[in-house]
Amino acid sequence: MIEFLCLLGFPAAGAITLAFRGARREGPEINAAFSLGTFAAACALTVRIIGQGPELLWREQFFIDPFNVFLVALTALVGLTTSLFSRPYMRVEEIHGRITPGRLRLYHSMYQLFMLTMLTALTTNNMGLLWVAMEGATLSTVLLVTLYRTPQSLEAGWKYFILCGVGIAQALFGTILLYFAAEKVLGAQGVTALLWTHLDAVKSQLEPAVLALAFVFLLVGYGTKVGLAPLHSWLPDAHAEGPTPISAVLSGLLLNVALYAVVRCKVLVEGSLHSTLPSRMLMGFGLLSVVLAAFLLFRQRDIKRLFAYSSIEHMGLATFAFGLSGPVATFAALLHMTVHSLAKSAIFFAVGHAAQKAGSQLMDDIRGLITLSPTVGWGLMLGALAILGLPPFGVFASEFLILTTAMREQPWSIPILLLALGVAFAAIFGRVQPMVFGETEGRRLPHSPALLPVFAHLAIVLMLGLYIPPYLADWYRAAAHLIGGP
Amino acid sequence: MTHIPFNQQLLNACAALLLLLSFAMLSQRRIVSLVSLYAVQGAVLAVATLLLAWRTGEGNLYLSAFLTISLKVAFLPWLLHRLIRRLQVYWDTEPLLNISGTMLIGIVIVVFAFGLAQPITQLASTSMRNAIGIAVAVVLLAFLMMITRRKAMSQVVGFLSMENGLFFGAMSATYGMPMIIELGVALDILVAVLVLGVFFFQIREQFDSLDLHHLERLSERQ
């Protein structure tokens, strides 16, 4: 209980403290300190859950099981490293005059609030509260996307707000339908009728027709936030125009949390329908996202947009894997979510430094990083290789598992997936190579930027590709068992 | 012909009024009137909630009616009117589709909404189940309004009206959601409007206008 209170308490206290002190010189340090506290609480919670099994907290409103505790740990870890990365990054932005101290205060306070909403969404047992937290996550990041107040960032922020607002309204309708179906089984005005654990216990008695309709709305609603095609159009804009630390947490964390919501809903609906309709819908949306994003990668000229489209592709792949069902595919999907969020945030850290030095996000303006700053150059190159699924990185392991399972279960999808992955490889590698190794007249940087978070993330991704520690594998297996059935 | 209690007739009248107000909003181009229509919609919603609370004796519904009145009838319209005055946006430009065309599409949408609500209506045990179709229609009409309008302010009113429809849907299908959820949703709506207020000033500062066609450059830039 105490760990859990700390987990939500640290970001909440951080948001309030930084609302007053975020503009001071020590603002970034306070931000990092609160993120560190959150991470410590998440670690303690994880250790306890592994030892003692799932538990319900605070009148069953919160529920922690192997599935969400691994996402909680991941969210807290990336939250911590991003706050470390943003410390020097935002300071340079301030020196360049792109933001004022007042906006820095907003940034720090909203950053903690964003972490709070995501952790609430992950740990809540109440499907209604999940909705409230997801909407809160959108609202806390809208003003972060528009932090630079450029016309482009305002456009991106507006698009983000409206598209996700409409999407999340669909999810609310889905939640209402879910409540409507649950109320018949769990009793009228039941406070328990929206609790996931109770719904899970009676899922085979829920009315299939209503649940099918509810799932369509929930998938469209939360799917908008996952960035599933054709609902993805907010994602590249929001990633490209916001400050880079925000791109990293949007891509690495928010998409995961939204996918988590979709998967929780899928478990319920599949139990009620006794059919594979939800799985087939997930596969369809996933495959469409993979293919569409892979081909759109070629048209990108802005480096952050390039990697935003790559996020759509990878979330599509994870969604597809959840759609395949079965423990192996689900295991692969969970692993893919983990390695994608680590590798992608590492890339955004490197990209942030590269774009800051070049003074432009256009890929044509970024050249010869390896001579300008070897750490940034290698960070970007290794990150790109990791995200493209080259062995021995972890993305290779998860993609390999997904492909082999797909080969057995849905052989028709293999050529499509391989084509998309090939196209994505050509598009991204062809762009990154000249940026890292190209000719440049720029002068070598006097100091090397601190890129500890980048290499820490890539090291974990590498480790997951070579060797998954037994307790981690058990943990993934337990989660896969919860979602995918025996 | 079966006898319908008076209270029920009043509730049905409220439902019909909500639908009518949705159409009125769809055709209204003056932004000040649009906000007023939104306030009236909130008031009708509150009356319906009170009627239902009186009949079913659900304490929760009284609370949610109170929430509706304070937030959707009083506070949000006041805030929006203030914003309109500060920003001096009174008229929406010609919508992307002319009014009569929009109304025709609206009628098709209502028919579609009743079709969509059919399975839920059949299963619902509440006395207001016939209103579920209307709730879905209100949501979809608000959606149509968001698509066809250019001004940021009209899109926001569309968004809020959509939430009204969802709220009415929850009420007619299940006598309202649990209180904690309703509070959470209300909080989110409130924060959303406050964030938007800030956002409007940023757009205004940058473009000297709240016309959204300024915000169409990113898609061309790809």
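Biologist: At what angle do the axes of helix α10 and helix α11 of chain A cross?

Modeller: Axes are lines fitted to C-alpha atoms, for helices over the stretch in contact, and angles run from 0 to 180 degrees between N-to-C directions; helices themselves are DSSP runs (H or I, at least four residues), as strands are (E, at least two), numbered from the N terminus. Here the axes of α10 (residues 244–273) and α11 (residues 277–296) of chain A cross at roughly 135° and come within 8 Å. Angles under 35 degrees count as roughly parallel, over 145 as roughly antiparallel, 65 to 115 as roughly perpendicular and the rest as oblique, and α10(A) is therefore oblique to α11(A). This is a predicted model, in which local features need pLDDT of at least 70 and side-chain atom pairs count only at pLDDT 80 or more, while totals for chains, interfaces and linings use all residues. Residues are numbered from 1 along each chain as its sequence is written, and chains are lettered from A and ligands numbered from 1 in the order in which they are written.

Biologist: Which residues make the contact?

Modeller: Two residues are in contact if their C-beta atoms, placed from the backbone, lie within 7 Å. By that test α10(A) contributes K266(A), V269(A), E270(A) and L273(A), and α11(A) contributes L277(A), P278(A), S279(A) and L282(A).

Biologist: Is S345(A) buried or exposed?

Modeller: A residue is buried if 20 or more other C-beta atoms lie within 10 Å of its own, exposed if 12 or fewer, and partly exposed in between. S345(A), which sits in helix α13 (residues 327–358) of chain A, has 27 other C-beta atoms within 10 Å and is therefore buried. Leaving aside residues up to four places away in sequence, S345(A) touches V78(A), T82(A), A248(A), S251(A), G252(A) and H457(A).

Biologist: What does the radius of gyration say about chain A?

Modeller: The radius is taken over C-alpha atoms, and the globule rule is 2.2 Å times the number of residues to the power 0.38. For 486 residues a compact globule would have a radius near 23 Å, and the 21 Å of chain A agrees with this. Buried residues make up 62% of chain A, whose secondary structure comes to 19 helices and 2 strands.

Biologist: How many residues of chain B are in contact with chain A?

Modeller: There are 36 residues of chain B in contact with 38 residues of chain A. On this side of chain B, α7(B) gives the most, with 13 residues.
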